[in-house]
Amino acid sequence: MMNHKAINRLKDEVSPYLLQHADNPVDWYPWCKEAFEDAKQKDRPVFLSIGYSTCHWCHVMAHESFEDRETAEILNKHFISIKVDREERPDIDSVYMSVCQAFTGSGGWPMSIFMTWDKRPFMAGTYFPARSKYGMPGFSDLLNEIIKRWHSSREELLQSADQVIAHLKKPEFTRKNVNNDVFLHRAAQMFSDSFDAVNGGFGAAPKFPVPHNLFFLMLYAVRRDASDMLEMVEKTLTQMRKGGIFDQIGYGFSRYSTDQYFLAPHFEKMLYDNALLTIAYTAAYTLARKRIYLDTAEKTAQYVLREMTALDGAFYSAQDADSEGIEGKYYTFTLTEIMKVLGKEKGEKFAAAFDITACGNFEGANIPNLLKNGDPDTDFGDEIQKLYDYRKNRSKLHLDDKILISWNSMMIAALSVLYRVSHDKKHLQAAVRAQIFLEKNLSDGSRLSTSWCGKRRSEKSFLDDYAFYIASLIELYLSTLDKDYLEKAEQFCKEAVKRFADEKNGGFYLSDPDGAELFLNPKETYDGAVPSGNSMMAYDLVRLYQLTKNEKYNELAGKQISFMSARVQDYPAGHSMFLFAKLIYDDPPEHIVIAVKEDSDLENVRKNLPVFANVVVASNSREYPLLNNRTTYYVCKNHTCQKPTNSI
């Protein structure tokens with residue numbers, strides 16, 4: 001390992017991930033023209049490494065290989081090495097993730113791509129150990145083999161690059177005359193078939209939360225009178241809340257569970273998970289009216305506002321899994337620590353409830369959880385606060401303080417929805433502050449930027465940035481009934497259609513076709529850890545039509561529904577956010593027009609509205625007159641309008 005610090009070309013970057021590698025002995029380039037020009041001039045292959053700042057295995061590969069002098073010498077002598085933060089450049093990440101999956105059948109981070117100076121990939125993988133183990137080649141051995149083949153059999157490498165590019169660029173087969181109800185039922189059945197009735201969640205370990213799957217199942221349960229689907233959601237949400245994937249001391253959710261029980265998480269916390277899970281728990285509360293769900297949503301919001309919020313109101317991206325080089329050390333306790341902090345009597349009660357033992361439940365230490373003995377309603381507030389304060393002073397977590405507009409938009413939407421249920425103004429105030437930050441720093445009035453870091457905004461923006469920002473503006477409108485938010489949502493929807501829509505073949509590209517620089521410009525439809533941009537655009541267009549009754553949105557929504565319907569057939573459960581949009585397209589929520597007598601009535605009006613209804617304030621007193629000279633509601637549902645009423 002290196003004993004002294006080097007400085008490379010990443011020193012002037014602002015991405016926390018790139019800055020983590022600025023003192024590597026590897027002569028890293030950021031993604032730039034200079035890197036590829038140097039590769040061409042020096043006749044070298046390009047090594048592209050993609051990751052993010054809170055990625056555990058990215059840290060491992062960095063420590064093992066990128067901080068190692070001998071490995072760095074190989075890279076510096078024979079390769080041009082490029083570092084990319086996947087969260088800043090989702091276009092690069094998406095294209096080369098497809099490459100990695102095509103070569104290996106799987107993907108993940110760190111992502112390792114070997115390619116030519118003109119960006120043609122000829123080999124791909126993820127983590128490679130420094131020396132051969134786990135049945136994987138050692139990274140330095142792999143580098144030496146690539147150098148050898150680059151000089152002795154380059155044509156074979158280039159042939160493999162051409163083959164994978166041809167495969168990825170092959171036109172998609174799309175089905176016609178799709179029975180739109182069939183894939184909704186098939187998706188629900190797929191979730192049912194993979195449901196873990198004992199532990200909650202779907203499939204085997206590792207278990208990811210995937211909140212948008214729960215969105216779909218909740219709405220499907222309501223629209224199709226399928227109580228068994230709601231039972232699956234409730235079991236999953238309850239087990240997650242009781243498990244170690246939920247931080248019982250500081251609140252908020254980790255990225256996923258490494259086991260089937262939701263006990264031992266991969267400890268990094270991502271803003272997007274906590275935003276989407278806040279919505280899921282809030283929605284579950286509106287259906288089941290169980291306090292545990294609203295309590296979990298409020299505690300998750302508390303975590304974000306306490307630890308993931310900048311002074312100016314924007315939300316940070318992530319917290320690391322590692323502290324002092326050990327994954328999970330920040331979050332775990334020994335029984336001795338519990339007794340020391342809480343005292344014998346309170347310590348024993350807490351330990352019994354939260355599964356704290358001398359032997360431990362995780363690598364000799366303990367992850368506090370309520371899976372065995374506890375009840376989330378049990379009041380250990382004072383004890384939790386003492387342990388929270390102790391933990392904060394015991395060690396520190398790395399914070400990725402990058403501001404991403406798409407992830408911030410998810411949190412704005414989450415806080416807006418939570419406000420409509422909790423009626424706690426701090427949630428709405430936090431959402432409004434964050435939106436003001438985004439508008440000021442990541443928008444020029446019509447175009448958006450992906451990220452803000454080091455008081456600099458990125459030059460690029462992508463479909464997802466617009467799709468999630470539009471959704472956040474819609475939720476803010478529904479929470480405030482301030483038409484300014486709805487008008488902004490329409491404005492950015494118009495820009496998204498202009499920049500990313502494929503008018504000929506349907507759907508939306510990830511990148512602006514005029515600015516795309518890679519061999520592929522994908523139309524992402526599959527929902528991963530977050531919903532795809534195409535799923536979100538389907539949702540946005542449906543909601544905008546239902547709120548504005550503008551036929552242009554109805555036309556666009558219909559086209560997007562058709563485009564997506566043809567692409568979900570093979571695996572509909574992988575497109576749950578689109579399925580959610582399809583359900584509200586086919587069977588819209590209540591449409592409520594409010595004729596307000598006094599503007600001061602709006603505050604009380606907002607508190608009594610259905611949480612997910614389409615609500616507009618009447619602008620035409622002739623069309624929507626007051627009944628009994630009082631604020632009046634005009635409600636339509638199931639294509640039928642009810643009589644005007646003064647009571648919702």
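Helix H17, residues 425–441, packs against helix H18, residues 463–480, at an angle of about 140°, with the axes 11 Å apart. Helices here are DSSP runs of H or I with at least four residues, numbered from the N terminus. Axes are lines fitted to C-alpha atoms over the stretch in contact, and angles run from 0 to 180 degrees between N-to-C directions.

This is a predicted model: local features need pLDDT of at least 70, side-chain atom pairs count only at pLDDT 80 or more, and totals for chains, interfaces and linings use all residues. Residues are numbered from 1 along each chain as its sequence is written, and side-chain values use heavy atoms, leaving out hydrogens and water.

Back to the two helices. H17 and H18 are therefore oblique to each other; that term covers what is left after under 35 degrees (roughly parallel), over 145 (roughly antiparallel) and 65 to 115 (roughly perpendicular). On the H17 side the contact, meaning heavy atoms within 4.5 Å, includes Leu-428 and Val-432, and on the H18 side Tyr-469 and Leu-473 are among the residues.

Next, the aromatic rings. Rings of Phe, Tyr and Trp (its six-membered ring) pair if their centres lie within 6.5 Å; planes under 30 degrees apart are stacked, over 60 edge-to-face, the rest tilted. The count comes to 40 aromatic pairs. Tyr-526 and Tyr-571 have ring centres 6.4 Å apart and planes at 20°, so this pair is stacked. The two residues are 45 apart in the chain. Tyr-526 is partly exposed at 49% relative accessible area, and Tyr-571 is partly exposed at 41%. Partly exposed lies between buried, under 20%, and exposed, over 50% (1.4 Å probe, protein chains only).
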